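Me: I have a structure open and would like to go through some of its side-chain contacts. Can we take them one topic at a time?

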Amino acid sequence: MKENTVIDLLNCSKEFYYKNKCKYHDDYIKDIQENLQYYDIISFDIFDTILTRLVECPIDIFSIVEQYLIENNYSGEGFAIARFESEKIARDYAFKTGKEEITLENIYEQINLAYPKYQDFLDEAKRIEIFIEVNYCVPSIDNLFLINKIIEKNKKIILVSDMYLDRESIIQMLNKMNVTSFDNLYLSSELLATKNHGSIWKKVLTDYNGKKILHIGDNHHSDIVIPKEYGINTILFSFFKTERRLGGQLSPNIIAFSLIKKMIMLTDKKLSEDFWLSFGVSFGSFYIYSFLQWLSLEVKKNKIQHIYFCSRDAYLIFKLWKEFDFDKVCNISSSYLYISRLVLGYTQCYIECKNNNKLSEESLSFLSNNNIISGQTNREVLTRLKININDIDLDTFIERFGDLDNEFNFSYLNDFKYYLGSDLLPFLLPQFEEHYNNSYGYYKQEGIFGEKKLAIVDLGWSGSLQYALTLMRENGGVKEKISGFYYGLHNGSATGRIFYNGVMKAAFFSEFEDNNILMRNSINILENLHYANHNSVVGFTKEKNIYKPIFKEEKEILKKQTENLNKFYQGVYFSISKWMNNEEVFGMFSNYVNIQSSKGALAQVLCSPNKLELNELGHILHAPGYDHEMYFPLIWFSNESWDNNIYSMMNRGGWLCGQLSYWKSNGYYSKYTNLYQCVNETLTHYPKILKEFLLG
């Protein structure tokens, strides 16, 4: 087990790379070697071509600097964002004065001006930034091999880089990679001319007039498109290619996830090409492992005697809890509880009707708001409630709500809730009673009405399952409250239940944190990543004096999704099993995987997903209703007419950052003039740099 400082963590990753670096990309090397004879000069980009940083995104270095400052007793909180913003300010100023490039000195001058609270230790911050850049890069074995072969053939090598670091620092980095034999080094920070604008190539062509040049680099625009305009042939080196993320707001929380993501890319080509498996190894393992550790502490702290893992969301957590014998660690017992919003919702409705002769506002909302989907017809709404059309006064219904095959009009929602609680209640009550009787029998069988100190484990959000079980226990004469442990609790729903339920604790998303952007972008994805080996519970039946769950029929459209999630779980299990045995996972030891680093991972992926994540996660099918009848992808990929649908298209999948990232990457803001304005208004309360990221 390694120490906990950020430098120790970087050393672990670097050491892992040198022990496990990928094999050569033979086709890439062969292609270049076969073409060397046609060129006099071979030009290489430096960053993400000859060498690369250990972090997933270059700007993550700023978070490492911040963490170093904090560990060394400087007041460095927020430094990473200040560093990021100051670079933007410096670049804007340079552009206004006709300059294409800036230096590290320019950036730190802006930090000094814009963020005076860091003035006392700016020299140390700059020193450690350069130290990390110089000492924590690793080489491309492909391009180091090629450089040696090019030297053997007596071809000239030049290096061309858009970078704000000075020549001395760049030379130190190259020396550490054993890159010492090159004819010339062209740095934008020296020439104040860039590849991106093309002006640096004018200098290159002046120095090598009439020579045939081949340039190799990772950036499609500055290393491929632009040099071609100057008559320079190019080859794209894409093996280190990454995309910027800003969802984690450049806090130190993102460091561990950033390192493990990059290390998978650098050392395991096969795994990095298998999205769902690698997604489990890196992303899924972080929050599930840290939740297990958090949960074990909470159940001991609260002296819980038995915990129930709620189906289906807690199935993976339950499997891992049992696999690694957390019952023994915590000196408690545990079991898996078949449960669903439908079953407990209907059970709660019956108790209310029995005790109060009416449904509460919460239950009316459960039956309507939580289950009516935009675009449904009146007939579909009634059918999903299992109302026989022939049983109701059809003329009265049509007069109040329109024809059965009309789209449900949400302006009538309050009237419809009243109609549910009066006209439709006699038809719903038998359903409520049947669910209550069978549920009561099952939960009694499972020990829910016992006198032990009990708790449930679920992903959470509103605490409704805990409330319904507490209500059922109370109705059965049990006064002891049942506790609940969750990923998150939504401020708008959960706080009202705190005084009725037992203990309510959340690991990642605090119920008292206002405007929780991360939770709102996590709910639907996390629910669908926590698959189970069974479908939704729609009720219970009694067979030979044993109550058993009744499952919803499997839907064919979910088959591929289930296959993907099986791979995801394999990846999660791989990492967690190693961490439980005090082994490293791609250079990462378990002491770096905690609630804070997991929140960093969640924020990076779910608030600023890359293109591959957008595609894979965006196609996840989610059922917003409690009956799991209708499924929608988390991202609206359709090119349907916009009309007045912008807000419903924005929010239907429940993954706003994903939807907006997709629109940005596909140029929707320029195609649809009113979209940018709507998105800008929607993101009013988002942090500045995340808002700018999502708006492009």
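What follows is a short chat about aromatic pairs, salt bridges and a charged patch.

Me: What kind of model is this?
Reply: This is a predicted model, where local features need pLDDT of at least 70 and side-chain atom pairs count only at pLDDT 80 or more, while totals for chains, interfaces and linings use all residues. Residues are numbered from 1 along each chain as its sequence is written, and side-chain values use heavy atoms, with hydrogens and water left out.

Me: How many aromatic pairs are there?
Reply: A search of the whole structure gives 61 aromatic pairs. Rings of Phe, Tyr and Trp (its six-membered ring) pair if their centres lie within 6.5 Å; planes under 30 degrees apart are stacked, over 60 edge-to-face, and the rest tilted. One of the pairs is Trp276 with Phe568, which is edge-to-face at 6.4 Å centre to centre, with 85° between the planes.

Me: Where do Trp276 and Phe568 lie?
Reply: Trp276 lies in helix α14 (residues 275-301) and Phe568 in helix α27 (residues 559-580), so the pair ties together parts 292 residues apart in sequence. Helices here are DSSP runs (H or I, at least four residues), numbered from the N terminus.

Me: Buried or exposed, those two?
Reply: Both Trp276 and Phe568 are buried. Buried means under 20% relative accessible area, exposed over 50%, and partly exposed in between (1.4 Å probe, protein chains only).

Me: Now salt bridges. How many?
Reply: The count comes to 29 salt bridges. Each is a side-chain nitrogen of Lys or Arg within 4 Å of a carboxyl oxygen of Asp or Glu. Glu124 and Arg127 form one, at 2.9 Å, N to O.

Me: How are Glu124 and Arg127 placed in helix α6?
Reply: They are 3 residues apart in helix α6 (residues 122-135), so about one helical turn separates them. Glu124 counts as buried at 18% relative accessibility, and Arg127 is partly exposed at 41%.

Me: Which residues join into one network?
Reply: First, another bridge: Lys548 and Glu543 meet at 3.6 Å, N to O. As for the network, salt bridges that share partners join Arg83, Glu87, Arg91, Glu101 and Glu129.

Me: Last topic. Which residues make the patch of negative charge?
Reply: Asp26, Asp27, Asp31 and Glu34 gather in that patch on the surface. Patch residues have over 30% relative accessible area and no salt bridge, with like charges joined within 9 Å. Asp27 lies in helix α2 (residues 26-35) and counts as exposed, at 66% relative accessibility.

Methods
Patch = residues over 30% accessible without salt bridge, like charges linked within 9 Å, V, L, I, M, F, W, Y side chains within 5 Å. Areas by Shrake-Rupley, 256 points an atom, 1.4 Å probe, with all protein chains shown as cover. Lys, Arg positive; Asp, Glu negative; His and termini not counted. Charge placed at Lys NZ, Arg CZ, Asp CG, Glu CD. Helix = DSSP H or I, 4+ residues; strand = E, 2+ residues; numbered from the N terminus.
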